[in-house]
Protein chains: 2
Amino acid sequence: MSALSGKKAAPARQTPVSESARAILDVAEELAQTRGYNGFSYADIAAKLGVTKASLHYHFASKAELGRALIARYQESFGGALDTIDQAPCTPPEKLRRYVELYDGVMRNDRMCLCGMLAAEYATLPAPMQKGLKAFFQLNQRWLSAVLEEGRKSASLAFSGTPGERAEVILGALEGAMLVARSYGNAARFHVAAQHVLEDLGVGRKSNPDGKGKRK
Amino acid sequence: MSALSGKKAAPARQTPVSESARAILDVAEELAQTRGYNGFSYADIAAKLGVTKASLHYHFASKAELGRALIARYQESFGGALDTIDQAPCTPPEKLRRYVELYDGVMRNDRMCLCGMLAAEYATLPAPMQKGLKAFFQLNQRWLSAVLEEGRKSASLAFSGTPGERAEVILGALEGAMLVARSYGNAARFHVAAQHVLEDLGVGRKSNPDGKGKRK
DNA sequence: GTCTATAGGTGGATAGAC
DNA sequence: GTCTATCCACCTATAGAC
């Protein structure tokens with residue numbers, strides 16, 4: 001399964017790593033998304049893969065390096081998904097719906113956004129991972145800002161404040177909904193919350209794909 | 001300093017613990033709110049207090065017990081703050097403003113909500129702590145639901161969906177804004193995001209305390 | 001590339017003196 | 001209540017054989 005929902009968004013020349021390294025990253029990613037960076041060890045990964053801890057160090061010399069690679073691959077994968085959305089000829093509301101679907105897919109997988117998870121542990125992370133998190137959130141914020149601006153111009157989206165400010169609200173709302181849903185609710189409750197976030201922007205349901213109609 | 005912003009909301013008969021236990025909880029709380037449950041150790045607390053690890057075990061036999069007490073005290077403190085808001089004669093919009101101020105205070109203290117932080121590590125926490133988190137989020141959701149329902153009846157708040165659903169959106173948005181702000185932005189950016197969350201409900205700025213005027 | 005073996009450190013936790 | 005001393009499990013990481 002891909003790093004995100006499962007859709008392979010173009011072959012996407014991922015960071016050139018061996019097949020073994022990819023398998024390690026897959027397991028580490030799942031552990032990081034469910035238990036956090038400080039919540040798993042090389043022993044956990046080794047056990048799941050049926051290898052020894054020492055062999056992991058051959059591919060990733062340190063846990064810090066593994067963590068850095070984890071974020072880099074996630075960002076690449078997520079960025080690819082955003083590119084795919086941009087390449088499809090669709091309206092700003094439809095773009096936002098697809099954006100939310102990315103998060104929906106993660107939740108249905110019983111995980112939460114890798115970077116949202118790691119953001120909680122920010123103060124304990126090595127500097128390269130901290131930089132990676134900032135870059136990931138900026139990537140999201142930039143993409144959302146562009147979509148919001150386009151939507152405002154075409155009157156297909158309605159919101160107060162600047163596109164940049166609103167992008168931050170949306171990003172926070174989705175990350176937070178995942179965070180809370182994992183302990184308090186579930187994937188279905190996340191979906192409901194996410195739909196309300198879309199509604200607030202004037203994005204209708206799928207039965208209204210042009211997004212012109214607002215409810216409330 | 002109190003568990004929250006700093007306002008002492010009534011003497012609030014906190015869980016009956018010794019002065020030493022209180023000091024331990026204070027330090028542990030700060031560490032948990034900045035580094036997470038898996039991001040600090042008894043050694044960290046002992047160092048900050050100038051005592052030995054062994055003496056900590058006298059007050060809290062296990063880290064799991066310390067974590068449980070941490071959440072219990074936080075919930076008690078937070079619940080007290082909500083009671084204080086309810087006892088003051090103010091409108092639903094004003095109640096929400098004060099609710100957001102609680103979170104603002106936490107952020108200005110360079111922390112994030114204890115339970116939002118621990119929610120990320122949910123899968124790694126002992127069962128009593130998991131139950132505590134659920135209870136905290138339910139407390140928030142119930143309180144917000146009641147305020148939203150009251151606001152809808154008096155037409156001082158406007159929102160789509162049920163009060164319960166909207167409460168979840170608000171809670172997630174605030175928790176997520178804190179989460180993201182700590183790595184990507186700062187307390188000031190959290191404040192901006194939180195104000196937009198209020199605006200979306202038709203809550204105006206302080207210059208308009210009755211909350212009747214909505215913008216955009 | 002993967003293994004065995006181990007180093008060196010830190011985690012939570014306990015026994016028993018004071 | 002707090003200390004010293006210690007236990008043992010686990011952590012990341014390395015050396016060197018295969």
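How many salt bridges does the rule find across the interface of chain A and chain B? It comes up with four. Keep in mind that this is a predicted model.

**The A/B interface**
- Chain A puts 42 residues into the contact, and chain B puts in 42 residues too.
- Together the two chains bury about 3,800 Å², with 62% of that on carbon and sulfur atoms.
- Leu179(A), Ser183(A) and Tyr184(A) supply 17% of the area that chain A buries against chain B, more than any other three residues.

- Arg166(A) pairs with Asp200(B) in a salt bridge, where the closest N and O atoms are 2.7 Å apart.
- Between chain A and chain B, twelve residue pairs are in polar contact, both residues being at pLDDT 80 or more.

**What chain A brings**
- H1, H6 (114-120), H7 (127-153), H8 (163-184) and H9 (187-199) of chain A each supply at least two residues of the side that touches chain B.
- H8(A) gives the largest share of that side, 15 residues.
- By type, the residues on that side of chain A split into 17 nonpolar, 13 polar and twelve charged.

**Helix H2 of chain A**
- Tyr42(A), Ile45(A) and Ala46(A) are the buried residues of H2(A), which spans residues 42-49.
- Looking down the axis, those buried residues sit within an arc of 100 degrees, so they line one face of the helix.
- Ala47(A) and Lys48(A), on the other side of H2(A), are exposed.
- The cover over the buried residues of H2(A) includes H1 (19-35), H3 (53-59) and H4 (63-87) of chain A.
- Just past H2(A), Gly50(A) adopts a positive phi of about 70 degrees.

Key. Residues numbered from 1 in each chain as written. Chains lettered and ligands numbered in written order. Predicted model: local features only at pLDDT ≥ 70, side-chain atom pairs only at ≥ 80, totals over all residues. Heavy atoms only, no water. Buried < 20%, exposed > 50% of the residue type's maximum accessible area, 1.4 Å probe, protein only. Helix = DSSP H or I, 4+ residues; strand = E, 2+ residues; numbered from the N terminus. Arc of directions from axis to C-beta. Contact = heavy atoms within 4.5 Å. Buried area = accessible area lost by both parts, 1.4 Å probe. Salt bridge = Lys/Arg side-chain N within 4 Å of Asp/Glu carboxyl O. Polar contact = N/O pair within 3.5 Å; in protein donor to acceptor, adjacent residues only side chain to side chain. Nonpolar A, V, L, I, M, F, W, Y, C, P; charged D, E, K, R; others polar.
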